Amino acid sequence: MAPDFELPNQFGEHVRLSDFRGVRPVALVFFPLAFSSGCTNELCTLQDNIAMFEDQRVELIGVSVDSKATLRSFAEQHGYDFELLADFWPHGAVSKEYGVFLEKKGFATRATFVIDVQGRIKASIITEPGLQRDVAEYRAALDRLAACTAPVPVG
C-alpha cells in the first residue's frame with residue numbers, strides 16, 4: 001500500500017493521497033528541486049505528454065521539498081496543469097516514507113510511484129540522481145495499470 005499523506009499544493013490547498021482512493025489512480029512524481037534544469041526539463045516533458053495521464057484518468061502529482069510559494073512560481077512560469085506538493089515541513093517527511101529522500105543532499109531522488117484506485121503501488125520508476133526518467137517508462141507503467149484495472153469480459 002502507498003503510504004498516505006497530506007501536503008499543501010502550490011496554492012496552499014491540502015491534498016490527501018487517500019482522497020483519490022476509489023476515485024482515480026495517481027502518478028506520484030518525486031523530483032529534487034524546482035527550477036533546476038533537470039527537473040524543469042523532466043516536468044516540462046510530463047506537461048507535454050499530459051494526455052497519456054488524462055486518457056487513462058490518472059492524476060499526475062509532483063512532489064518536492066520546495067516551499068509552496070516556490071512551487072507556485074515554478075508551475076506558473078512553466079504552465080504546469082498538474083498539482084505540485086510541498087514536502088517542505090517536516091522537511092522531506094513524505095519522501096522519507098517512500099524511501100526516496102537523500103539525506104546527504106536534503107531532497108528526494110527522481111522517483112515515480114503509480115498507485116491504483118485501491119491505494120496500492122502498481123509500478124515504480126526510480127533513477128539514480130541526475131538521470132531523468134524516460135517517458136516510455138511512464139507509458140509502460142500506465143499500460144500495466146490499465147491492464148490490471150481493465151474489466152474482465154463476460155461470456
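Valine 65 sits in the loop that runs between strand S4 (59-64) and helix H3 (68-78); helices (H or I, at least four residues) and strands (E, at least two) are DSSP runs, numbered from the N terminus. The model is a predicted one, in which local features need pLDDT of at least 70 and side-chain atom pairs count only at pLDDT 80 or more, while totals for chains, interfaces and linings use all residues. Residues are numbered from 1 along each chain as its sequence is written, and side-chain values use heavy atoms, with hydrogens and water left out.

Is valine 65 buried or exposed? With a relative accessible area of 5%, valine 65 is buried (under 20% relative accessible area, whereas exposed is over 50% and partly exposed lies in between, with a 1.4 Å probe and protein chains only). Leaving aside residues up to four places away in sequence, valine 65 touches Pro32, Leu33, Asp87, Phe88, His91, Gly92, Phe101, Gly106 and Phe107; contact here means heavy atoms within 4.5 Å.

In soluble globular proteins, nonpolar side chains tend to be buried together. A nonpolar core is a set of buried Ala, Val, Leu, Ile, Met, Phe, Trp, Tyr and Cys residues joined through side-chain atoms within 4.5 Å. The largest one here has 27 residues, and Phe31, Leu43, Phe53, Leu60 and Leu84 touch the most other members. Two or more residues each come from strand S3 (26-30), helix H1 (37-48), helix H2 (50-54), H3, strand S5 (83-86), strand S9 (121-126) and helix H5 (135-149). Which element gives the most to this core? That is H5, with five residues. Phenylalanine 53 touches Ala27, Leu46, Val58, Leu60, Tyr138 and Leu142, not counting residues up to four places away in sequence. Another core, of 19 residues, lies apart from the largest one and has Ala2, Leu7, Leu85 and Phe113 among its members.

Strand S9 also takes part in a hairpin with strand S8, with five residues between the two strands. S8 (residues 111-115) and S9 pair in the antiparallel sense over five bridges, where pairing requires that DSSP finds at least two bridges between two strands. Within this pair, threonine 112 stands opposite isoleucine 125 of S9. In the turn, glycine 119 has a positive phi of about 90°.
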